[in-house]
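Subject: Structure handover

Hi,

Here is the structure I said I would pass on. Have a look at it first, and then read my notes below.

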Amino acid sequence: MADTPAAADDIERIELSLFVQALRERYGYDFAGYAPASLARRVRQLVRDHRTDTVSALTGRLLHEPEFLPQVLQGLSVPVSEMFRDPPVFRALRDRVLPVLASYPRINIWQAGCAHGQEVYSLAILLEEAGLYDRCQIYATDFNEQALEQARDGIYAASEAPQWSRNYQAAGGLRSLTDYTSARYQYIKLDDRLRRNVTFAQHNLVADSVFCEAHLVLCRNVLIYFSNALQNRTLALFRDSLVRDGFLCLGMRENLDFAPVAADFMPVDPALRLYRRARGESTADA
């Protein structure tokens, strides 16, 4: 007798739970806090992409084929971005944040969830044009090693260039984006000099601790895939990573409004999801 729709849903829920457990216990990656609907969509897509028929079969491959792990992690991450995405945000960083950071002799920036690196190179260009890059270190992290490899290469489809150029100009660019790229065949490559003060590293926001002491933390459109509990954990991690008066920049669909750490931040531009860590005692210290 065929399963009823309700029974099929129950089976999938159990299978997803076992998949998450296998990923955690076998490899140390904990996706239990991810938004269930988003996680389920991505796991179903993995089932289709790898023709495993069921989530249970996918779990079996994950447990018995360690070389399969990178493909699973690639499917579970969402490395989608573009250079100078949401230009008003980068305009605000240029006009309101970098002049403050200029007062520090050394500047640390943490780009968490850097995906394929487009926003990292956007930051490098901002810092270069502000005359700050030589005293800045950017730490660009992601849990997806394949995405990090592309970020290190800095090579992208040339078809993206027109939109990126428009974004750059709208963000207050002082030159032409082509000054920072070279084109060959159907690809563009970001200039190597933009990478000179960037450290790309694997870091898992779900399980890992504070990465560095930062003057600016950017994590844009990552938290939307997390459950409320995991969002709160990650925001506390960012707070603890920031120096007093340090800046936090989130994605346009994210905010601090109902987070426990909200009292530890002052809004700089809430509409652009730009905040500053308060000087007073944090909720963690109370």
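Ile155, Tyr185 and Tyr187 make a nonpolar surface patch of about 380 Å². For a patch, residues need over 30% relative accessible area and no salt bridge; like charges are joined within 9 Å, and nonpolar side chains (Val, Leu, Ile, Met, Phe, Trp, Tyr) within 5 Å. Areas are Shrake-Rupley values with a 1.4 Å probe, and for residues only the protein chains shown count as cover. Tyr185 sits in the loop between strand 4 (181-184) and strand 5 (187-190); helices (H or I, at least four residues) and strands (E, at least two) are DSSP runs numbered from the N terminus. Tyr185 counts as exposed because its relative accessibility is 71% (buried is under 20%, exposed over 50%, partly exposed in between).

Do keep in mind that this is a predicted model: local features need pLDDT of at least 70, side-chain atom pairs count only at pLDDT 80 or more, and totals for chains, interfaces and linings use all residues. Residues are numbered from 1 along each chain as its sequence is written, and side-chain values use heavy atoms, leaving out hydrogens and water.

Now the salt bridges: there are 19 of them, each a side-chain nitrogen of Lys or Arg within 4 Å of a carboxyl oxygen of Asp or Glu. In helix 5, Arg91 and Asp95 form one at 3.0 Å, N to O, and they are 4 residues apart, about one turn of the helix. Arg91 is partly exposed at 38%, and so is Asp95 at 42%.

Glu129 pairs with Arg94, again a salt bridge, with the closest N and O atoms 3.0 Å apart. That pair links distant parts of the chain, Glu129 being in helix 6 and Arg94 in helix 5, 35 residues apart. Both residues are buried. There is also a salt-bridge network linking Arg85, Asp86, Glu119 and Arg220.

How do helix 5 and helix 6 pack? Helix 5 (residues 87-101) and helix 6 (residues 118-129) pack at about 40°, with axes 11 Å apart.

Most residues other than glycine have a negative phi. Ala115, not a glycine, has a positive phi of about 55°; this residue lies in the loop between strand 1 (107-112) and helix 6 and counts as buried at 7% relative accessibility. Arg273 also has a positive phi, near 60°, and is found in the loop between strand 9 (265-269) and strand 10 (274-277). At 18% relative accessibility, Arg273 counts as buried.

Cheers

Note on methods. Buried < 20%, exposed > 50% of the residue type's maximum accessible area, 1.4 Å probe, protein only. Axes fitted to C-alpha atoms, helices over the stretch in contact; angles between N-to-C directions.
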